[in-house]
Amino acid sequence: MAEKLEDLNLPNLTVQKIIKDALPDSVNVGKDARSALSRAASIFVLYITSQATKESQKVNRKTLSGPDIIAALEELEFDEFVEPLQAMLKEFKEAKQKKKSRKSGDVETEENDEVVEEEETGE
Amino acid sequence: MSTKPWGALPVYRIMTIMKSSSEAENIGKDSSLMMTKAAELFIKMLSREGYKLANGGRSLEYKHVAEVVQRDERYEFLRDIMPKKITYAEYKKMQGIQENRDESETEDDDESDSGTSSGSSQ
């Protein structure tokens, strides 16, 4: 839980960099624009999380999962984020799988790993 | 810029924000990483959309971002924190309109030096 209100703020410098990265090089970013965008991003996280929680409750899950975030983004019409996030999720899964098959060595087959993986993400 | 797949924002901070608005017992690691990325994509999208309203100007200002939020339905959740700012001249004009509803006279004395184009000169 956040103890202070500042805990819900994002770091100014990072936000500034992200904004600059999205705009042509010569464009200045007003301080009030930056702080508004930063606050907007915090509220966005609250907004999406709240919807994602509803998604997880639909199936009685107690852990918020990656697919819940995607479902929430779709529900709230931020469809353009879905594709890059899905790609990221896939990357994570593959990385996890590699790690696991390395750990389990010769005992388990790749196929078994895949099943375990799916159970985990469906939690 | 950061080369991490979830971008430059701090995951732990995003996780804190998520915890404050979720009744879920656990926030899965994947979901916090994805939300971190989503927040970055969100800032970029809103910045670009705001800058479109700057008409190729040299800076992105609060009013551009606020305008996007007012125009697009899916940003409705931000309207309370991002009210549209108006200039004092515009405010006076609004007051004038309210007070002199029946009179055809327009007030443009105060607008000449404010830098806002109200379109009602002369």
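## A buried serine

In this predicted model, B:S31 is found in helix α2 of chain B, where helices (H or I, at least four residues) and strands (E, at least two) are DSSP runs numbered from the N terminus. B:S31 counts as buried because its relative accessibility is 0%, the class being set at under 20% relative accessible area, with exposed over 50% and partly exposed in between (1.4 Å probe, protein chains only).

A polar atom of the B:S31 side chain lies 2.7 Å from the backbone oxygen of B:G28. Apart from neighbours within four places in sequence, B:S31 is in contact (heavy atoms within 4.5 Å) with B:M18 and, in the other chain, with A:L64, A:S65, A:G66 and A:I69.

## The interface

Between them, chain B and chain A bury about 5000 Å², of which 74% is on carbon and sulfur atoms; buried area is the accessible area (1.4 Å probe) that two parts lose on being put together, summed over both. In chain B, the residues that lose the most area to chain A are B:I17, B:M34 and B:R74, together 14% of what that side buries.

The rule finds three salt bridges across this interface, each defined as a side-chain nitrogen of Lys or Arg within 4 Å of a carboxyl oxygen of Asp or Glu. The side chains of B:R74 and A:E80 meet in a salt bridge, with an N to O distance of 2.9 Å. On the side of chain B that touches chain A, α2(B) gives the most, with 18 residues.

## Helix α3 of chain A

Helix α3 of chain A spans residues 66-75, and its buried residues are A:G66, A:D68, A:I69, A:I70, A:A72 and A:L73. The cover over these residues includes α2 (31-58), β2 (63-64) and α4 (82-104) of chain A, together with α1 (11-20) and α2 (29-52) of chain B. After α3(A) comes A:E77, which has a positive phi near 70 degrees.

Chain A has five helices and two strands, and its elements run α-β-α-β-α-α-α from the N terminus on. Of its 123 residues, 42% count as buried.

## Conventions

Residues are numbered from 1 along each chain as its sequence is written, and chains are lettered from A and ligands numbered from 1 in the order in which they are written. For this predicted model, local features need pLDDT of at least 70 and side-chain atom pairs count only at pLDDT 80 or more, while totals for chains, interfaces and linings use all residues; side-chain values use heavy atoms, with hydrogens and water left out.

Notes. A polar contact is a pair of N or O atoms within 3.5 Å; within protein, one must be able to donate a hydrogen and the other to accept it, and residues adjacent in sequence count only if both atoms are side-chain atoms.
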